[in-house]
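Thanks for coming, everyone; I would like to walk through one model with you, going from the overall fold to the details. Please keep the structure open while I talk.

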Amino acid sequence: MKYQKIILVAIVCLVFSCSSVKKNALISNNNTEPTMAKFEPADGECLFFIGQDLRAVGGLDNYTDGYCDHFDVPAGVTVYTGFSSGAESFGYIQKGNDGIKTVANWGAEDNCAQYYLDDADFNHSMIAIGLSLVDNEKKTATGEHDHLIRELAEWIKASNRPVFLRVGYEFDGWDWNHYNKKDYLAAWKHIHAMFDDMNVTNVAFVWQSKGKGSNQDTLEAWYPGDDLVDWCAYSYFDNTDQEMLTFVRKHNKPVFIAEATPILYDGGLFFDTDLSKPNIAKEAWELWFIPFFNTLNQNKDVIKAFSYINVDWSVQPMWINNDLFKHVDSRIQESEFISKKWQEEISKPRYLKPSAELWVDLQNGR
């Protein structure tokens with residue numbers, strides 16, 4: 001009997017040991033590297049884009065006093081377009097896909113993505129496209145704009161470079177975009193399906209919030225789904241968006257701060273943010289730039305790209321009477337003080353430089 005007990009204990013220990021080994025093996029086998037999103041750099045690395053119009057970016061034959069005339073060309077540039085054929089904006093009648101192949105100005109300076117493809121200085125620049133669906137989400141979902149989707153997809157495919165497509169950006173900007181949720185989500189799904197059918201492989205789909213104000217329930221309700229979204233994004237003006245940072249960590253997605261420009265703000269008051277004024281520039285550096293870079297540096301695991309808007313907002317018809325932007329000149333080159341500090345930050349190795357090798361690395365998910 002004594003020996004039977006000893007044998008029984010031994011068998012139990014052996015079974016437990018085998019179970020533990022099997023369990024540990026499963027844990028080990030499941031301990032794999034997380035899947036990288038389309039064009040996602042490694043943790044600690046960041047893609048820097050500049051925008052958001054031809055004059056703001058510069059570096060072109062007919063646009064010679066923008067960011068790229070004073071600093072190195074960054075990893076990418078930001079442009080805008082939309083499907084609002086027939087709509088009027090500050091005297092400009094839209095045709096659909098405006099600002100992609102030809103120059104368009106709907107009240108916020110000239111836009112033309114093709115210019116970057118045709119200029120040697122931007123040979124290795126990625127493109128971020130803000131695609132507006134305002135008042136057109138239902139038409140997009142039901143197929144009325146299939147010719148525009150196809151035209152945009154063909155242009156992106158022919159560009160032979162990484163393109164970040166911000167479909168219906170700032171979906172929760174209720175006051176200015178007023179999207180219908182059902183139609184918005186259906187439009188997103190339809191665009192994604194058409195791009196798949198056309199085998200457009202050089203595009204990352206970016207889902208962008210306005211930043212600040214939408215809680216987790218709202219974000220979940222408007223989210224197209226993990227299988228349709230490559231990157232999540234938000235706008236950073238007078239805020240950081242902790243809600244989106246929480247959301248992306250749940251969904252294992254990288255973040256693109258797709259629009260960023262300094263706004264000096266207190267309560268309901270917006271102050272002069274003209275960087276050409278030395279005292280304002282120093283205040284902006286302390287109150288906006290330092291917090292902004294802190295946000296980037298404290299969230300290196302998820303924030304992998306940002307686009308800075310280098311614009312004199314105060315003179316553009318679209319913004320001249322807008323409370324948020326009418327006192328803003330965010331052109332970095334206008335401040336010697338900010339230019340120096342900006343250069344010190346942006347020259348760090350973590351901000352990836354444009355090159356053919358970078359494209360290959362990002363395509364391969366290095």
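This is a predicted model: local features need pLDDT of at least 70, side-chain atom pairs count only at pLDDT 80 or more; totals for chains, interfaces and linings use all residues.

Among contacts in the protein chain between residues at least 6 apart in sequence, 73% join residues at least 24 apart, where contact means heavy atoms within 4.5 Å. Residues are numbered from 1 along each chain as its sequence is written, and side-chain values use heavy atoms, with hydrogens and water left out.

The protein chain has 11 helices and 14 strands, these being DSSP runs numbered from the N terminus, with helices as H or I of at least four residues and strands as E of at least two. Its C-alpha trace spans about 100 × 50 × 45 Å along the principal axes, and of the 366 residues in the protein chain, 53% are buried, meaning under 20% relative accessible area, as against exposed at over 50% and partly exposed in between, with a 1.4 Å probe and protein chains only.

Which residues touch the most other members of the largest nonpolar core? In this core of 80 residues they are Phe195, Trp207 and Phe306, and H9 gives the most to the core, with 9 residues. By nonpolar core I mean a set of buried Ala, Val, Leu, Ile, Met, Phe, Trp, Tyr and Cys residues joined through side-chain atoms within 4.5 Å. Apart from this core lies another, of 19 residues, among them Ala75, Met126, Ala258 and Leu358. Leaving aside residues up to four places away in sequence, Phe306 touches a set of residues including Phe48, Phe49, Phe256, Phe292, Trp342, Ile346 and Tyr351.

Two of those contacts, Trp342 and Ile346, lead us to helix H10 (residues 336–346), where Ile338, Ser339, Trp342, Glu345 and Ile346 are buried. These residues are on the same side of H10, because they cover an arc of only 130 degrees around the axis, the arc being that of the directions from the helix axis to the C-beta atoms. On the other side of H10, Glu336 and Lys340 are exposed. The cover over the buried residues of H10 includes strand S1 (47–51), helix H9 (278–298) and strand S13 (303–309).

Next, the charges over rings: the charged end of Lys282 sits over the ring of Phe337, 5.7 Å from its centre, and that of Arg350 sits over the ring of Tyr351, at 4.9 Å. The rule asks for NZ of Lys or CZ of Arg within 6 Å of the ring centre and within 35 degrees of the ring normal.

As for disulfides, defined as pairs of cysteine sulfur atoms within 2.5 Å, a search of the whole structure finds 0.

Finally, some backbone points to inspect. Most residues other than glycine have a negative phi, and most peptide bonds are trans. A cis peptide bond, with omega about 10 degrees, joins Gly51 and Gln52, and Gln52 lies in the loop between S1 and helix H2 (54–57). Phe90, not a glycine, has a positive phi of about 50 degrees, in the loop between strand S3 (88–89) and strand S4 (92–93).
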